[in-house]
Amino acid sequence: MKINWKLRLQNGYTLVGLLSSIVALAYQICGAFGIVPPVSQDEVVKIVGIVFNILVTVGIVTDPTTAGAGDSARALGYDRPKEV
């Protein structure tokens with residue numbers, strides 16, 4: 001399995017999923033050791049979601065496979081997502 005991690009980590013959806021997983025893992029580890037963090041997991045996930053929604057709205061989180069914020073000429077011609 002070959003994955004272009006540098007490109008993948010520039011994708012906003014991948015980052016949101018990764019950060020959510022890291023938060024969940026941190027709270028699971030805390031729970032396993034009986035540590036109660038002062039901020040709940042739900043609050044942290046909401047804050048991460050708000051930050052990414054702001055970045056998406058401003059246009060910072062875009063598709064890293066194309067230059068700029070628009071789709072490539074090839075992608076504009078698709079009727080449905082390309083099957084790999």
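Predicted model: local features only at pLDDT ≥ 70, side-chain atom pairs only at ≥ 80, totals over all residues.
## How two helices cross

Helix α2 passes helix α3 in a right-handed crossing; a crossing counts as right-handed if the near helix is turned clockwise from the far one by less than a right angle, and left-handed if anticlockwise. The two helices pack at an angle of about 165 degrees, with their axes 10 Å apart. Here axes are lines fitted to C-alpha atoms over the stretch in contact, and angles run from 0 to 180 degrees between N-to-C directions. That makes α2 roughly antiparallel to α3, because angles over 145 degrees count as roughly antiparallel, under 35 as roughly parallel, 65 to 115 as roughly perpendicular and the rest as oblique.

Which residues of α2 and α3 make the contact? From α2 come Gly12, Leu15, Val16, Leu19, Val23, Ala24 and Tyr27, and from α3 come Gln41, Val44, Val45, Val48 and Phe52. Contact means heavy atoms within 4.5 Å. These residues divide into ten nonpolar, two polar and no charged (Ala, Val, Leu, Ile, Met, Phe, Trp, Tyr, Cys and Pro count as nonpolar, Asp, Glu, Lys and Arg as charged, and the others, Gly among them, as polar).

Residues are numbered from 1 along each chain as its sequence is written, and side-chain values use heavy atoms, leaving out hydrogens and water.

The predictor's confidence in each residue is its pLDDT, from 0 to 100. The chain averages 79, and 79% of the residues score at least 70. Among the elements, α2 has the highest mean pLDDT (86) and helix α4 (residues 73–76) the lowest (71).

## The whole chain

Of the 84 residues, 7% count as buried, meaning under 20% relative accessible area with a 1.4 Å probe and protein chains only (exposed is over 50%, partly exposed in between).

## A look at Tyr13

Tyr13 sits in α2, which covers residues 12–32. Tyr13 counts as exposed because its relative accessibility is 72%.

Methods: Helix = DSSP H or I, 4+ residues; strand = E, 2+ residues; numbered from the N terminus.
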